[in-house]
Each structure stands twice: as C-alpha cells, then as structure tokens.
Amino acid sequence: MGAVDQIPVTVLTGFLGSGKTTVLNHLLRQPELGGVVAIINEFGEVALDHLLVESSEDRLALLDNGCICCSVREDLIETLADLAARRAAGTIPPFHRVLVETTGLADPVPVLHTLMTAPDVIGRYRIDGVVATVDAVNGAHTLESHSEAVRQIAVADRLLVTKTDLAADDALARLDALIAALNPVATRHRVRNGTVDPAKGSRCRAVRSVGPLSRCRALVRSGLAGGQRAARPCRSPL
C-alpha cells in the first residue's frame, strides 16, 4: 500500500475530566463520521445504544451514520491489523479514516511511536494529527501536577479547550499562558458542552511541518517520553 493509499489516523487524547468523552459522544452522532472507524476504550462510557444499526460479540458496532466503533483489543497494533484485514475481506464496511481515543492517563507518545514504527501498521496507516481536550477550569492545575497532561498538550496539533463557560477569566489567561509555553503552534478552539465541528475533532490535514511526527521524535530524544528510555510500541490497551 503506497503513501497515497494509507489510511489517516487521528489520535484523540485528553486528561481525566477534560471533556474528551463528551466530545467523542458528540462526534459519533455526526453524519460526517460516516466511513470512519472510532477505536474507543470502553463501549459503556460512550452512549451508543440508540445509534446502533448492528453490533457483534467481538466488540464491533455499526452506527446509523455509517461510523464503525470498536473497542481496543490486547494492543493497538493487533486492533489496527484486524481492522485492515476485515476491510480487505469485505466483512466490515469500507472506511477511510481512523479515530483513536486514548485513556485519560495515557502518555500519547508511545501511541504515536507505534503508528510511526510498527511494521504491521506503517504500511497501512499514517498519522494525520493529534487532537487534545483540555479543561479550562482545572487545566492549569492539571498541567502543573501531571506529566501525562503535559505530553498530551505538547504533541497536539489541535487543542479543544472545554468548559470555557464555567471558567473565570484569570483561569483562562493562566491556561493560555501554559499552553503557549508548551505548544505555541497548535490551533485552539473553545468548546461548550462537547459540541465541536467534526473537521476540528477528527481531522488535522492542514498540519504538516510542525505536526506530531516531528514533535514526538523530539520528545523521545529529550527524554520527556519517560526518562532516557525510548518509547516502545504500544502493546497494551490505550
């Protein structure tokens, strides 16, 4: 499969309480997500029942807008390889994009490293971008207290700043200053009640020269991905 045929992958990340699941719930209801596979952590955390057209016992679900949802298997590599095989065999509808949700405590660098280096992945998929949710109310405190939240912001191409209607002006200003120091090139969008344009929540096509590939490599080299140890392929649930 050539570069033109590789399926673009968007990673959706965000710390616990940042509104990531609310954003995901909104996205999965949009008609623009037809032909998209959403790899989510737990079906129970996302309200899918009234959207289902078909589901199976092997953690696959087809929604009424044409989006395919699946929960991650033992590791991301296996899940992506299985989806590609099913797509080629025609046992699931064709899809043209993948949206990968990480857990709130996940360091996104190993996920990106997997997408960049795993032989079973790089021939079929390519990173299209990283979208991160950040809580306008508690985001500054979270960034000062949790290294995972820092890495989520640092590798993002697009930041969805949630709960802006609940945040005081000084909290927003403090958060803006921290984000600017961590990642001045990411585009920012303010989000209320999880409502976001699907193009902002699942696509980052405009980002290229300063995208997640270069920043992920820089983070790994600098040790920000976990001391002096290089990030390893993601062999565990996200």
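User: In which strand is Thr-133 found?

Analyst: Strands (E, at least two residues) and helices (H or I, at least four) are DSSP runs, numbered from the N terminus. Thr-133 belongs to strand 7, which covers residues 125–135; the protein has nine helices and nine strands. The model is predicted, with local features requiring pLDDT of at least 70 and side-chain atom pairs pLDDT 80 or more, while totals for chains, interfaces and linings use all residues. Residues are numbered from 1 along each chain as its sequence is written, and side-chain values use heavy atoms, leaving out hydrogens and water.

User: Is Thr-133 buried or exposed?

Analyst: Buried means under 20% relative accessible area, exposed over 50%, and partly exposed in between, with a 1.4 Å probe and protein chains only. Thr-133 counts as buried because its relative accessibility is 3%. Of the protein's 238 residues, 54% count as buried.

User: Which residues is Thr-133 in contact with, leaving aside neighbours within four places in sequence?

Analyst: Contact means heavy atoms within 4.5 Å. With those neighbours left aside, the partners of Thr-133 include Phe-15, Ser-18, Lys-20, Leu-160 and Thr-162.

User: With which side chain does that of Thr-133 make a polar contact?

Analyst: A polar contact is a pair of N or O atoms within 3.5 Å; within protein, one must be able to donate a hydrogen and the other to accept it, and residues adjacent in sequence count only if both atoms are side-chain atoms. The side chain of Thr-133 makes such a contact with the side chain of Ser-18, at 2.7 Å.
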